[in-house]
Amino acid sequence: MTVTGKDIVIVGIQPWDIKIGSNCKNIAVEFAKYNRVLYVNPPLDRITRYRQKYKPSIQKRIHISRGHLPDIQKIESNLWNLYPKSVIESINWINSHQIFKLLNRRNAKLFSENITDAINRLGFKNILLFNDSSMFLGLHLKEFLQPELYTYYIRDNLVKEPYWKKHGERLEPVLMENADVIVNNSEYYVDYSSKYNKNSIMVGQGCDVSMFSDEDNSMAIPEEFNTIQGPVIGYVGSLTTLRLDIDLLEFIAVKRSDWNIVLVGPEDEAFRYSNLHELKNVHFLGYKPADQLASYIKGFHVAINPQVVNEITIGNYPRKIDEYLAMGKPVVATETKAMQMFKDYVYLGETKEDYVSLIDKALTEHSKTKAKAQIKFANQHTWKNSVNHIYAAMESTLKQFH
């Protein structure tokens, strides 16, 4: 199913010029194939404007707010990016819920005025509003913008992160009750959002696996692997204790000194000073550009996602699992509700001992037949398929209105 010929406004918590991958940007590009789309950057807040005023991205926003640069910039056919001119107040430090509520509404009104001005200039009519996790400013957008449809998108347990938790645990449920439809990228989030809005739908996760393909076996394994003898158990991604279990990695490395743990990605402070650096069979290869990651995964005998289970990670859809599977690698990951959809293609464990036995199993059981099935499964998780599910949720909700 495809929604076509509509005017869609996207708001979220990530600006278009963010340097990391963004679900919201991928969705915007997919929407723009058949609709006109305005992607709205979060507005600049007063404290950020002051503290980061010499940062190039903030300088650009200051120039735009002064009228020295256009606030609407065309990204591609049917897709525009809005830099809101208004500076909003920095209010998350406020403890009083009542004062926060009043100032948040004022911020949302300024933000809405910027959006309304932009959609009028672009000639947008009867907009569909898509909100990616903006739970504070997004609280009043349905009232101020009067969209034909208001869709709220959940793809992270943000409400459990310190910044959002303070006021978000109270306000996000209100927003969800007010939304017309909620779309989620994992069953865990469907369970959460359904408590507040029965029109909560699983739409899966998109992933660009085009870079993670080696079916013709032409990809070269990086030279760093030449000095590593024995099975390689590898991980690709940011090495952060917020999401990864250092103790689990140390347990695997000590328990099986004949295996090599290869970690590809930037480290946080806890990883940099961990005992892992003292173990001879643990190899830190550092940050690598995105277009090189597939070649590193090719060097793995088993790919792992040693996720720590906490309020932030428990519902996450880890895109790296699709990347591992697209390379035809056996995968061992931590069992969570969100990972159940992978259970036929991934070895899921709960304990440290599980990881060791499952890695052993993965090393001995993997075959070309299993690799082909994994690749086929991963290739189903495209942005086109995920957005088609979003379209279906939008369409069914719109039909209820008429």
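Analyst: A residue counts as buried when its relative accessible area is under 20%, and as exposed when that area is over 50%. The model examined here is a predicted one. With that cut-off in hand, Asn184 counts as buried, because its relative accessibility is 0%. Asn184 is found in strand 9, which covers residues 181-184. If its neighbours within four places in sequence are left aside, Asn184 is in contact with Ile154, Tyr189, Val190, Ser193, Ser200, Ile201, Met202, Val203 and Gly204.

Gln146 is found in the loop between helix 5 (141-145) and strand 8 (149-154), and with a relative accessible area of 60% Gln146 is exposed. The phi of Gln146 is near 50°, a positive value in a residue other than glycine. Asn217 is found in the loop between strand 10 (200-202) and strand 11 (232-236), where its phi is near 60°, again a positive value in a residue other than glycine. Asn217 is exposed, its relative accessible area being 56%.

The buried residues of helix 1 are Asn23, Cys24, Lys25, Ile27, Ala28, Glu30 and Phe31.

In helix 13, the buried residues are Ala371, Gln374, Ile375, Phe377 and Ala378. Viewed down the axis of helix 13, these buried residues fall within an arc of 160°, and therefore they line one face of the helix. On the other side of helix 13, Thr369, Lys372 and Lys376 are exposed. The buried residues of helix 13 pack against helix 11 and strand 15 (331-334).

On the side of helix 11 the contact is made by Asp322, Leu325 and Ala326, while helix 13 contributes Gln374, Ile375, Phe377 and Ala378. Sorted by class, the contact of helix 11 with helix 13 has 5 nonpolar, 1 polar and 1 charged residues.

Notes:
Residues numbered from 1 in each chain as written. Predicted model: local features only at pLDDT ≥ 70, side-chain atom pairs only at ≥ 80, totals over all residues. Heavy atoms only, no water. Contact = heavy atoms within 4.5 Å. Helix = DSSP H or I, 4+ residues; strand = E, 2+ residues; numbered from the N terminus. Nonpolar A, V, L, I, M, F, W, Y, C, P; charged D, E, K, R; others polar. Buried < 20%, exposed > 50% of the residue type's maximum accessible area, 1.4 Å probe, protein only. Arc of directions from axis to C-beta.
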